[in-house]
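The sequence and the model come first, then the points by topic.

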Amino acid sequence: METTLRQPKPENLQMQDPAAEAHHRIANSLTLLVSMVRMKAASIARRPDPPSANEVRGLLDGIGARINTIAHLHRLLSHVPFEGEAELHPHLKEVTDALVSALASSEQQVEVVHSGRGAMVRTCQVQPLVLILCEVFINAMKYARPDSGQVILWVECGRGLDGQLRISVSDNGGGLPDGLDPRTANGLGFRVMRSLAAEVGAELHFESSPKGFGVHLTLPARPN
């Protein structure tokens, strides 16, 4: 049975001052991060052999990237009311820039190409959506092996004529390993993506081919 990551539900935040809301966001973010780390620790504990030095380095880099993403989200959203709305595209741009700085190296360069129209979302949805993006980036750094040596990620975000929000992230890295199904995979990144998508009521679709891997997220239209 899959472990679901859930953040505490906000209670009466409309009656709290901005500082209280900011503290609430920090608490939720830390709770989410602890859940991620515990999930990974439990996965490692079930393995018959200890992880290699490269695996440990990748694990720590991933945890560092997630912490950095949560820190950026807090700075970006600390002045926005929890029950308000926020433009999603600037948050995606700033966080992806931070992820590239954290995960790229001289051995593996990363380029991000953004496209699409802006999209307003509820402030409380920004964190889950951006954290899904973070997991896609970590996955690309782990699996993408493009012939050119440079990982390229295309990020598209916008609302369609039907009002649904669509976010697509794809890479040029040759797809997932044979036999790995992201819809059921027990890896931390895929479990986090599925849990966060379920939290905001979004649908996830995955595409993998020798040309690359893509994650497509659809969020229902906001009620009028």
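How many helices and strands does the secondary structure of the chain come to? It comes to five helices and seven strands, where helices (H or I, at least four residues) and strands (E, at least two) are DSSP runs numbered from the N terminus. This is a predicted model, in which local features need pLDDT of at least 70 and side-chain atom pairs count only at pLDDT 80 or more, while totals for chains, interfaces and linings use all residues. Residues are numbered from 1 along each chain as its sequence is written, and side-chain values use heavy atoms, with hydrogens and water left out.

**Overall make-up**
- From the N terminus on, the order of elements is α-α-β-α-β-β-α-β-β-α-β-β.
- The chain has 224 residues, of which 44% count as buried; buried means under 20% relative accessible area, exposed over 50%, and partly exposed in between (1.4 Å probe, protein chains only).
- Among contacts in the chain with a separation of 6 or more, 72% are between residues 24 or more positions apart; contact means heavy atoms within 4.5 Å.

**The sheet**
- An open sheet with mixed pairing is formed by five strands in the order β2-β4-β5-β7-β6; two strands pair if DSSP finds at least two bridges between them.
- Its edge strands, β2 (109–115) and β6 (203–209), each pair on one side only.
- From one strand to the next, the twist averages 15°.
- Helix α3 (residues 88–103) packs on the sheet and touches β2, β4 (150–159) and β5 (165–171).
- The direction of α3 makes about 175° with that of β2; axes are lines fitted to C-alpha atoms, for helices over the stretch in contact, and angles run from 0 to 180 degrees between N-to-C directions.

**The β6-β7 hairpin**
- β6 and β7 form a hairpin with two residues between them.
- Seven bridges join β6 to strand β7 (residues 212–219) in the antiparallel sense.
- S209 is opposite G212 in β7, and L204 is opposite L217 in β7.

**Helices α3 and α4**
- The axes of α3 and helix α4 (residues 123–143) come within 10 Å and cross at roughly 35°.
- The crossing of α3 past α4 is right-handed, a term used when the near helix is turned clockwise from the far one by less than a right angle, anticlockwise being left-handed.
- On the α3 side, the residues that meet α4 include L92, V95 and L99, and those they meet in α4 include V130, L133 and F137.
- This contact has 14 nonpolar, two polar and no charged residues; Ala, Val, Leu, Ile, Met, Phe, Trp, Tyr, Cys and Pro count as nonpolar, Asp, Glu, Lys and Arg as charged, and the others, Gly among them, as polar.

**Residue N172**
- N172 is found in the loop between β5 and α5 (188–199).
- N172 counts as buried because its relative accessibility is 18%.
- A polar atom of the N172 side chain lies 3.2 Å from the backbone oxygen of Q150, and one lies 2.9 Å from the backbone nitrogen of I152.
- Leaving aside neighbours within four places in sequence, N172 is in contact with residues including P146, W154, K211 and G212.
- D147 is 25 residues from N172 in sequence and 8.8 Å from N172 in space, C-alpha to C-alpha.

**Residue R66**
- R66 lies in helix α2 (residues 53–77).
- R66 counts as buried because its relative accessibility is 6%.
- Not counting residues up to four places away in sequence, R66 touches L33, M36, C134, E135, I138 and L188.

Methods: A polar contact is a pair of N or O atoms within 3.5 Å; within protein, one must be able to donate a hydrogen and the other to accept it, and residues adjacent in sequence count only if both atoms are side-chain atoms.
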